[in-house]
Amino acid sequence: MIKGIRPLLRGSTYSGMLFACCGAMASLPLLPFAMLPALAWPSAPYGMQMVVTLLVWAALIGMVGLARTTRRALIAFARRLLRVQLPDPVAASAPAVSGPVTPSGADRLRTPLWLLLHMALGWTGALTSGVLVIAGLTLPVGRFRAEAELSLFGWSVRPDSGWQSWAAALGCVLLAAAVCVLVTSALRWLAPRLLGPSSAERLALAAERELRLAERNRLAHELHDSIGHTLTATTIQAAVAGEVLSADPTAARAALRSIEESARAALEDLDYVLGVLREEKAQTAPTRTLADLPELLDRLRHAGAVVEPELSDELAQVQGTLSRAAYRILQEGLTNALRHGAGGPIEVRVAAATDGLEIIVVNRTRSGTGAGTGPGPSAFPTSGHGLPGLAERVRLLHGEIEAGPDGPQHWRLAVRLPVRLSA
(Lines give C-alpha, C1' and ligand atoms only; values in the text may rest on other atoms or scores of the structure.)
Protein backbone atom coordinates (compact mmCIF):
# COMPACT_ATOMS: atom_id res chain seq x y z
CA MET A 1 0.00 0.00 0.00
CA ILE A 2 2.83 2.39 0.91
CA LYS A 3 4.66 1.59 -2.31
CA GLY A 4 1.55 2.43 -4.28
CA ILE A 5 1.21 5.80 -2.52
CA ARG A 6 4.86 6.82 -2.95
CA PRO A 7 4.53 7.78 -6.66
CA LEU A 8 1.71 10.17 -5.72
CA LEU A 9 4.06 12.06 -3.44
CA ARG A 10 6.65 12.66 -6.16
CA GLY A 11 6.65 16.00 -7.91
CA SER A 12 7.33 14.28 -11.22
CA THR A 13 3.83 12.71 -11.13
CA TYR A 14 2.09 16.06 -10.99
CA SER A 15 4.41 17.70 -13.50
CA GLY A 16 4.01 14.67 -15.77
CA MET A 17 0.23 14.95 -15.63
CA LEU A 18 0.57 18.64 -16.42
CA PHE A 19 2.70 17.65 -19.41
CA ALA A 20 -0.02 15.21 -20.54
CA CYS A 21 -2.75 17.84 -20.20
CA CYS A 22 -0.66 20.37 -22.10
CA GLY A 23 -0.38 17.88 -24.95
CA ALA A 24 -4.15 17.50 -24.98
CA MET A 25 -4.78 21.25 -24.91
CA ALA A 26 -2.18 21.91 -27.61
CA SER A 27 -4.16 19.77 -30.04
CA LEU A 28 -7.33 21.86 -29.66
CA PRO A 29 -6.37 24.56 -32.23
CA LEU A 30 -6.29 21.87 -34.92
CA LEU A 31 -9.77 20.56 -34.12
CA PRO A 32 -11.72 23.21 -36.13
CA PHE A 33 -9.69 22.35 -39.24
CA ALA A 34 -10.31 18.65 -38.63
CA MET A 35 -14.07 19.29 -38.53
CA LEU A 36 -14.18 20.88 -41.97
CA PRO A 37 -14.54 17.59 -43.93
CA ALA A 38 -17.40 16.50 -41.66
CA LEU A 39 -19.14 19.86 -42.07
CA ALA A 40 -18.77 19.55 -45.84
CA TRP A 41 -20.52 16.15 -45.68
CA PRO A 42 -23.67 16.89 -43.68
CA SER A 43 -25.58 13.91 -45.04
CA ALA A 44 -23.12 11.38 -43.64
CA PRO A 45 -24.06 9.45 -40.51
CA TYR A 46 -22.93 10.96 -37.25
CA GLY A 47 -20.61 8.07 -36.52
CA MET A 48 -18.93 8.44 -39.92
CA GLN A 49 -18.46 12.15 -39.33
CA MET A 50 -16.80 11.44 -35.99
CA VAL A 51 -14.42 8.89 -37.56
CA VAL A 52 -13.47 11.29 -40.38
CA THR A 53 -12.92 14.12 -37.90
CA LEU A 54 -10.68 11.99 -35.70
CA LEU A 55 -8.66 10.73 -38.67
CA VAL A 56 -8.12 14.23 -40.07
CA TRP A 57 -7.28 15.48 -36.58
CA ALA A 58 -4.67 12.73 -36.17
CA ALA A 59 -3.21 13.50 -39.61
CA LEU A 60 -2.83 17.20 -38.78
CA ILE A 61 -1.16 16.38 -35.48
CA GLY A 62 1.20 14.00 -37.24
CA MET A 63 2.14 16.68 -39.79
CA VAL A 64 3.09 19.02 -36.95
CA GLY A 65 5.38 16.30 -35.58
CA LEU A 66 7.37 16.17 -38.83
CA ALA A 67 8.97 19.56 -38.08
CA ARG A 68 12.39 19.28 -36.41
CA THR A 69 11.66 22.28 -34.20
CA THR A 70 8.67 20.39 -32.79
CA ARG A 71 10.88 17.56 -31.65
CA ARG A 72 13.35 19.95 -30.05
CA ALA A 73 10.54 21.65 -28.12
CA LEU A 74 9.06 18.31 -27.03
CA ILE A 75 12.47 17.11 -25.80
CA ALA A 76 12.94 20.30 -23.78
CA PHE A 77 9.48 20.01 -22.17
CA ALA A 78 9.94 16.29 -21.50
CA ARG A 79 13.22 16.98 -19.69
CA ARG A 80 11.59 19.63 -17.56
CA LEU A 81 8.23 18.06 -16.73
CA LEU A 82 8.73 14.30 -17.19
CA ARG A 83 12.22 14.39 -15.63
CA VAL A 84 13.70 12.09 -18.28
CA GLN A 85 17.24 12.33 -19.63
CA LEU A 86 17.10 13.01 -23.37
CA PRO A 87 20.04 14.23 -25.48
CA ASP A 88 19.62 16.99 -28.02
CA PRO A 89 18.69 15.70 -31.47
CA VAL A 90 21.55 15.40 -33.93
CA ALA A 91 21.22 17.77 -36.87
CA ALA A 92 20.61 16.08 -40.18
CA SER A 93 23.63 17.84 -41.66
CA ALA A 94 25.92 17.09 -38.72
CA PRO A 95 29.11 15.44 -39.97
CA ALA A 96 29.94 12.04 -38.61
CA VAL A 97 32.62 9.47 -39.23
CA SER A 98 30.51 7.77 -41.88
CA GLY A 99 28.97 10.98 -43.29
CA PRO A 100 25.90 13.12 -42.55
CA VAL A 101 23.15 11.68 -40.37
CA THR A 102 20.25 10.67 -42.61
CA PRO A 103 17.17 9.54 -40.67
CA SER A 104 15.17 6.66 -42.09
CA GLY A 105 11.44 6.75 -42.78
CA ALA A 106 10.68 4.94 -39.52
CA ASP A 107 12.78 7.46 -37.60
CA ARG A 108 10.84 10.37 -39.10
CA LEU A 109 7.57 8.86 -37.88
CA ARG A 110 8.69 8.57 -34.26
CA THR A 111 7.84 12.18 -33.36
CA PRO A 112 4.36 12.13 -35.02
CA LEU A 113 3.65 8.85 -33.22
CA TRP A 114 4.73 10.42 -29.93
CA LEU A 115 2.42 13.40 -30.51
CA LEU A 116 -0.54 11.12 -31.20
CA LEU A 117 0.10 8.98 -28.12
CA HIS A 118 0.77 12.10 -26.07
CA MET A 119 -2.55 13.58 -27.16
CA ALA A 120 -4.45 10.33 -26.60
CA LEU A 121 -2.98 9.78 -23.14
CA GLY A 122 -3.50 13.43 -22.28
CA TRP A 123 -7.18 13.44 -23.18
CA THR A 124 -7.76 10.05 -21.57
CA GLY A 125 -6.04 11.06 -18.37
CA ALA A 126 -7.62 14.51 -18.21
CA LEU A 127 -11.19 13.34 -18.88
CA THR A 128 -11.03 10.20 -16.74
CA SER A 129 -9.37 11.85 -13.75
CA GLY A 130 -11.63 14.89 -14.11
CA VAL A 131 -14.79 12.78 -14.05
CA LEU A 132 -13.54 10.78 -11.07
CA VAL A 133 -12.61 13.89 -9.14
CA ILE A 134 -16.03 15.46 -9.83
CA ALA A 135 -17.69 12.23 -8.73
CA GLY A 136 -15.60 12.19 -5.58
CA LEU A 137 -16.71 15.73 -4.76
CA THR A 138 -20.43 15.20 -5.46
CA LEU A 139 -21.05 11.75 -3.94
CA PRO A 140 -20.86 12.92 -0.31
CA VAL A 141 -23.76 15.32 -0.89
CA GLY A 142 -26.09 12.37 -0.22
CA ARG A 143 -25.33 12.93 3.43
CA PHE A 144 -26.94 16.35 3.11
CA ARG A 145 -30.32 14.89 1.97
CA ALA A 146 -29.51 14.80 -1.73
CA GLU A 147 -29.33 11.81 -4.00
CA ALA A 148 -26.22 10.75 -5.91
CA GLU A 149 -25.61 7.83 -8.21
CA LEU A 150 -22.41 6.52 -9.79
CA SER A 151 -22.84 4.62 -13.04
CA LEU A 152 -20.04 2.95 -15.00
CA PHE A 153 -20.51 0.55 -17.95
CA GLY A 154 -24.11 -0.20 -16.95
CA TRP A 155 -23.20 -0.80 -13.31
CA SER A 156 -24.73 1.72 -10.94
CA VAL A 157 -24.11 2.46 -7.29
CA ARG A 158 -26.38 4.69 -5.20
CA PRO A 159 -24.91 5.19 -1.73
CA ASP A 160 -27.67 5.26 0.86
CA SER A 161 -25.75 6.12 4.03
CA GLY A 162 -23.17 8.74 4.75
CA TRP A 163 -20.23 6.36 5.19
CA GLN A 164 -20.97 4.69 1.84
CA SER A 165 -20.93 8.07 0.11
CA TRP A 166 -17.64 8.99 1.71
CA ALA A 167 -16.13 5.58 0.86
CA ALA A 168 -17.21 5.90 -2.79
CA ALA A 169 -15.84 9.45 -2.93
CA LEU A 170 -12.49 8.31 -1.53
CA GLY A 171 -12.38 5.48 -4.07
CA CYS A 172 -13.01 7.93 -6.91
CA VAL A 173 -10.22 10.22 -5.75
CA LEU A 174 -7.78 7.29 -5.43
CA LEU A 175 -8.74 6.07 -8.89
CA ALA A 176 -8.14 9.55 -10.28
CA ALA A 177 -4.70 9.57 -8.66
CA ALA A 178 -3.97 6.11 -10.05
CA VAL A 179 -4.92 7.32 -13.55
CA CYS A 180 -2.44 10.20 -13.18
CA VAL A 181 0.29 7.79 -12.15
CA LEU A 182 -0.43 5.45 -15.06
CA VAL A 183 -0.50 8.25 -17.63
CA THR A 184 2.73 9.74 -16.32
CA SER A 185 4.44 6.34 -16.20
CA ALA A 186 3.35 5.60 -19.76
CA LEU A 187 4.74 8.92 -21.01
CA ARG A 188 8.01 8.42 -19.14
CA TRP A 189 8.34 4.95 -20.69
CA LEU A 190 7.54 6.19 -24.20
CA ALA A 191 9.71 9.34 -24.15
CA PRO A 192 13.15 7.66 -24.47
CA ARG A 193 11.85 5.30 -27.14
CA LEU A 194 10.18 7.91 -29.35
CA LEU A 195 11.96 11.16 -28.47
CA GLY A 196 15.35 9.62 -27.72
CA PRO A 197 18.08 9.24 -30.36
CA SER A 198 17.45 6.90 -33.25
CA SER A 199 19.92 4.24 -34.35
CA ALA A 200 21.60 6.62 -36.80
CA GLU A 201 21.77 9.35 -34.17
CA ARG A 202 23.22 6.97 -31.59
CA LEU A 203 25.95 6.02 -34.07
CA ALA A 204 26.62 9.71 -34.71
CA LEU A 205 26.77 10.47 -30.98
CA ALA A 206 29.12 7.53 -30.41
CA ALA A 207 31.34 8.72 -33.26
CA GLU A 208 31.32 12.23 -31.82
CA ARG A 209 32.34 10.92 -28.40
CA GLU A 210 35.08 8.86 -30.01
CA LEU A 211 36.40 11.92 -31.82
CA ARG A 212 36.36 13.95 -28.59
CA LEU A 213 38.25 11.22 -26.74
CA ALA A 214 40.78 10.95 -29.56
CA GLU A 215 41.25 14.72 -29.50
CA ARG A 216 41.75 14.74 -25.74
CA ASN A 217 44.23 11.89 -26.06
CA ARG A 218 46.10 13.79 -28.75
CA LEU A 219 46.15 16.90 -26.56
CA ALA A 220 47.53 14.85 -23.67
CA HIS A 221 50.38 13.67 -25.92
CA GLU A 222 51.00 17.22 -27.12
CA LEU A 223 51.09 18.54 -23.57
CA HIS A 224 53.39 15.73 -22.41
CA ASP A 225 55.81 16.32 -25.27
CA SER A 226 55.84 20.11 -24.98
CA ILE A 227 55.95 20.51 -21.19
CA GLY A 228 58.28 17.54 -20.69
CA HIS A 229 60.76 18.84 -23.23
CA THR A 230 60.59 22.39 -21.85
CA LEU A 231 61.13 21.35 -18.24
CA THR A 232 64.05 19.11 -19.18
CA ALA A 233 65.70 21.72 -21.39
CA THR A 234 65.18 24.64 -19.00
CA THR A 235 66.51 22.65 -16.05
CA ILE A 236 69.71 21.87 -17.91
CA GLN A 237 69.99 25.39 -19.33
CA ALA A 238 69.54 26.91 -15.86
CA ALA A 239 72.32 24.69 -14.55
CA VAL A 240 74.57 25.70 -17.45
CA ALA A 241 73.79 29.40 -16.93
CA GLY A 242 74.64 29.13 -13.26
CA GLU A 243 78.00 27.48 -13.96
CA VAL A 244 79.16 29.96 -16.63
CA LEU A 245 77.58 33.10 -15.20
CA SER A 246 80.89 34.51 -13.98
CA ALA A 247 83.28 33.01 -16.52
CA ASP A 248 81.18 33.52 -19.67
CA PRO A 249 78.30 36.03 -19.22
CA THR A 250 77.48 35.90 -22.93
CA ALA A 251 76.83 32.14 -22.81
CA ALA A 252 74.79 32.58 -19.61
CA ARG A 253 72.60 35.23 -21.27
CA ALA A 254 72.10 32.97 -24.29
CA ALA A 255 70.99 30.12 -22.00
CA LEU A 256 68.56 32.43 -20.18
CA ARG A 257 67.11 33.64 -23.50
CA SER A 258 66.64 30.03 -24.54
CA ILE A 259 64.83 29.33 -21.26
CA GLU A 260 62.54 32.29 -21.91
CA GLU A 261 61.74 31.14 -25.46
CA SER A 262 61.12 27.56 -24.37
CA ALA A 263 58.85 28.63 -21.51
CA ARG A 264 56.87 30.98 -23.78
CA ALA A 265 56.29 28.21 -26.32
CA ALA A 266 55.24 25.78 -23.58
CA LEU A 267 52.81 28.35 -22.15
CA GLU A 268 51.20 28.76 -25.57
CA ASP A 269 50.71 25.00 -25.80
CA LEU A 270 49.38 24.85 -22.24
CA ASP A 271 46.88 27.70 -22.79
CA TYR A 272 45.55 26.05 -25.94
CA VAL A 273 45.17 22.61 -24.33
CA LEU A 274 43.45 24.00 -21.23
CA GLY A 275 41.07 26.03 -23.40
CA VAL A 276 40.06 22.93 -25.35
CA LEU A 277 39.63 20.82 -22.22
CA ARG A 278 37.44 23.50 -20.65
CA GLU A 279 35.37 23.60 -23.88
CA GLU A 280 35.96 27.31 -24.25
CA LYS A 281 35.81 29.16 -27.53
CA ALA A 282 38.05 27.53 -30.09
CA GLN A 283 41.53 29.04 -30.23
CA THR A 284 44.20 28.84 -32.86
CA ALA A 285 46.37 25.83 -32.13
CA PRO A 286 50.09 26.59 -31.90
CA THR A 287 51.71 24.86 -34.84
CA ARG A 288 55.15 23.29 -34.52
CA THR A 289 56.36 21.69 -37.72
CA LEU A 290 59.64 20.48 -39.20
CA ALA A 291 60.28 24.08 -40.19
CA ASP A 292 60.80 24.78 -36.46
CA LEU A 293 63.37 21.99 -36.12
CA PRO A 294 66.43 24.31 -36.28
CA GLU A 295 65.07 26.33 -33.36
CA LEU A 296 64.54 23.12 -31.38
CA LEU A 297 68.11 22.02 -32.05
CA ASP A 298 69.44 25.45 -31.02
CA ARG A 299 67.67 25.17 -27.66
CA LEU A 300 69.40 21.83 -27.11
CA ARG A 301 72.78 23.39 -27.92
CA HIS A 302 72.09 26.17 -25.42
CA ALA A 303 71.47 23.44 -22.85
CA GLY A 304 75.02 22.20 -23.46
CA ALA A 305 74.16 19.24 -25.67
CA VAL A 306 76.22 18.38 -28.71
CA VAL A 307 73.86 17.82 -31.63
CA GLU A 308 74.95 16.33 -34.93
CA PRO A 309 72.02 16.81 -37.33
CA GLU A 310 71.70 15.32 -40.78
CA LEU A 311 68.67 16.86 -42.48
CA SER A 312 67.63 16.24 -46.07
CA ASP A 313 66.63 19.03 -48.41
CA GLU A 314 63.22 17.48 -49.10
CA LEU A 315 61.80 18.25 -45.63
CA ALA A 316 59.92 21.25 -47.04
CA GLN A 317 57.74 18.81 -48.98
CA VAL A 318 56.45 17.29 -45.74
CA GLN A 319 53.50 19.40 -44.63
CA GLY A 320 50.38 19.40 -42.51
CA THR A 321 49.64 16.66 -40.01
CA LEU A 322 52.72 14.60 -40.85
CA SER A 323 55.06 17.55 -40.37
CA ARG A 324 53.53 18.42 -36.98
CA ALA A 325 53.68 14.79 -35.83
CA ALA A 326 57.30 14.46 -36.97
CA TYR A 327 58.24 17.55 -34.94
CA ARG A 328 56.63 16.12 -31.80
CA ILE A 329 58.35 12.76 -32.34
CA LEU A 330 61.72 14.47 -32.63
CA GLN A 331 60.96 16.64 -29.60
CA GLU A 332 60.18 13.60 -27.45
CA GLY A 333 63.20 11.68 -28.77
CA LEU A 334 65.54 14.58 -28.05
CA THR A 335 64.00 15.06 -24.61
CA ASN A 336 64.74 11.44 -23.76
CA ALA A 337 68.27 11.90 -25.03
CA LEU A 338 68.72 14.90 -22.71
CA ARG A 339 67.23 13.10 -19.73
CA HIS A 340 69.10 9.83 -20.00
CA GLY A 341 72.10 10.68 -22.13
CA ALA A 342 75.64 10.42 -20.89
CA GLY A 343 76.83 13.73 -22.34
CA GLY A 344 77.99 12.44 -25.70
CA PRO A 345 76.84 13.76 -29.07
CA ILE A 346 73.22 13.28 -30.10
CA GLU A 347 72.87 12.14 -33.69
CA VAL A 348 69.73 13.34 -35.46
CA ARG A 349 68.84 12.16 -38.93
CA VAL A 350 65.70 13.25 -40.76
CA ALA A 351 65.36 12.14 -44.36
CA ALA A 352 62.32 12.53 -46.62
CA ALA A 353 61.89 10.38 -49.70
CA THR A 354 59.05 9.68 -52.07
CA ASP A 355 57.92 6.64 -50.11
CA GLY A 356 58.49 7.64 -46.49
CA LEU A 357 59.92 9.95 -43.83
CA GLU A 358 62.73 8.50 -41.73
CA ILE A 359 63.55 9.89 -38.26
CA ILE A 360 66.53 8.57 -36.27
CA VAL A 361 67.84 9.81 -32.91
CA VAL A 362 70.91 8.12 -31.39
CA ASN A 363 72.44 9.15 -28.09
CA ARG A 364 75.08 7.81 -25.74
CA THR A 365 73.70 6.27 -22.52
CA ARG A 366 75.05 5.56 -19.10
CA SER A 367 76.59 2.16 -18.67
CA GLY A 368 73.86 -0.48 -18.57
CA THR A 369 70.93 1.89 -19.00
CA GLY A 370 68.59 2.82 -21.80
CA ALA A 371 66.73 5.93 -22.78
CA GLY A 372 63.46 4.67 -21.47
CA THR A 373 64.73 3.36 -18.15
CA GLY A 374 66.56 6.20 -16.56
CA PRO A 375 67.74 4.48 -13.37
CA GLY A 376 71.07 6.28 -13.04
CA PRO A 377 71.73 8.58 -10.10
CA SER A 378 71.54 11.74 -12.20
CA ALA A 379 68.63 10.65 -14.37
CA PHE A 380 65.53 12.83 -14.59
CA PRO A 381 62.29 11.45 -13.12
CA THR A 382 60.05 10.08 -15.83
CA SER A 383 56.38 9.16 -16.02
CA GLY A 384 56.95 6.27 -18.38
CA HIS A 385 54.45 7.66 -20.92
CA GLY A 386 57.02 8.93 -23.44
CA LEU A 387 57.77 5.84 -25.52
CA PRO A 388 54.18 4.44 -25.34
CA GLY A 389 52.90 7.84 -26.47
CA LEU A 390 55.35 7.86 -29.36
CA ALA A 391 54.33 4.35 -30.36
CA GLU A 392 50.66 5.32 -30.37
CA ARG A 393 51.31 8.46 -32.38
CA VAL A 394 53.28 6.48 -34.97
CA ARG A 395 50.61 3.77 -35.11
CA LEU A 396 47.90 6.34 -35.84
CA LEU A 397 49.99 7.56 -38.77
CA HIS A 398 50.43 3.97 -40.05
CA GLY A 399 54.16 4.13 -39.45
CA GLU A 400 56.83 1.92 -37.89
CA ILE A 401 58.87 2.55 -34.73
CA GLU A 402 61.92 0.88 -33.21
CA ALA A 403 63.37 1.92 -29.85
CA GLY A 404 66.08 0.12 -27.91
CA PRO A 405 69.77 -0.26 -27.16
CA ASP A 406 72.13 0.14 -30.10
CA GLY A 407 75.26 -1.52 -28.84
CA PRO A 408 76.49 -1.44 -25.24
CA GLN A 409 76.41 2.35 -24.74
CA HIS A 410 73.94 3.82 -27.23
CA TRP A 411 70.18 4.14 -27.51
CA ARG A 412 68.52 4.36 -30.90
CA LEU A 413 65.05 5.62 -31.79
CA ALA A 414 64.02 4.95 -35.39
CA VAL A 415 60.67 5.97 -36.86
CA ARG A 416 59.45 5.59 -40.41
CA LEU A 417 56.28 7.35 -41.54
CA PRO A 418 54.51 7.26 -44.91
CA VAL A 419 54.97 10.59 -46.66
CA ARG A 420 51.93 12.75 -47.23
CA LEU A 421 52.55 15.92 -49.16
CA SER A 422 49.40 17.66 -47.95
CA ALA A 423 47.39 17.95 -44.70
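Which residues of helix 5 are buried? Keep that in mind as you go through these close-ups, which come from a predicted model.

**View 1. Helix 5 and its buried residues.**
The buried residues of helix 5 are Gln49, Thr53, Trp57, Ile61, Gly62 and Gly65. They pack against helix 3 (31–34), helix 4 (36–39), helix 6 (68–82) and helix 8 (110–138).

**View 2. Helix 5 meets helix 8.**
Two packed helices are described by the angle between their axes and the distance between the axes. For helix 5 and helix 8, the angle is about 130° and the axes are 7 Å apart. That makes helix 5 oblique to helix 8. The crossing of this pair, helix 5 and helix 8, is right-handed. On the helix 5 side, the contact is made by Trp57, Ala58, Ile61, Gly62, Val64 and Gly65. Helix 8 brings Thr111, Pro112, Leu115, Leu116, Met119 and Trp123.

**View 3. Helix 6 meets helix 8.**
Here helix 6 and helix 8 pack at an angle of about 50°, with 11 Å between their axes. Helix 6 and helix 8 are therefore oblique to each other. What is the hand of the crossing of helix 6 and helix 8? The crossing of helix 6 and helix 8 is left-handed. Look for Thr70, Arg71, Leu74 and Leu82 in helix 6, which meet Arg110, Thr111, Trp114 and Leu115 in helix 8.

Five strands make up an open sheet, in the order 3-4-5-7-6, and their pairing is mixed. Which strands are at the edges? The edge strands are strand 3 (307–311) and strand 6 (400–405), and each of them pairs on one side only. Neighbouring strands of this sheet are turned by 5° against each other on average, if you ignore direction. Zoom in on strand 4 (residues 346–352) and strand 5 (residues 357–364), and you'll find them paired in the antiparallel sense over six bridges. Within that pair, Ala351 stands opposite Glu358 in strand 5.

**View 4. Helices on the sheet.**
Helix 12 (residues 293–302) packs on the sheet, where it touches strand 3 and strand 4. The direction of helix 12 makes about 165° with that of strand 3. Now find helix 13 (residues 320–340), which lies across strand 4, strand 5 and strand 7 (410–417). Helix 13 runs at about 10° to strand 5.

**View 5. Two loop residues with positive phi.**
Most residues other than glycine have a negative phi. Arg83 has a phi near 60°, a positive value in a residue that isn't glycine. You'll find Arg83 in the loop between helix 6 and helix 7 (105–108). Is Arg83 buried or partly exposed? At 47% relative accessibility, Arg83 counts as partly exposed. His398 also has a positive phi, of about 60°, although it is not a glycine. His398 sits in the loop between helix 14 (386–396) and strand 6. With a relative accessible area of 61%, His398 is exposed, since the cut-off for that label is over 50%.

Key
Residues numbered from 1 in each chain as written. Predicted model: local features only at pLDDT ≥ 70, side-chain atom pairs only at ≥ 80, totals over all residues. Heavy atoms only, no water. Buried < 20%, exposed > 50% of the residue type's maximum accessible area, 1.4 Å probe, protein only. Helix = DSSP H or I, 4+ residues; strand = E, 2+ residues; numbered from the N terminus. Contact = heavy atoms within 4.5 Å. Pairing = 2+ DSSP bridges. Axes fitted to C-alpha atoms, helices over the stretch in contact; angles between N-to-C directions. Parallel < 35°, antiparallel > 145°, perpendicular 65-115°, else oblique. Left-handed = near helix turned anticlockwise from the far one by under 90°.
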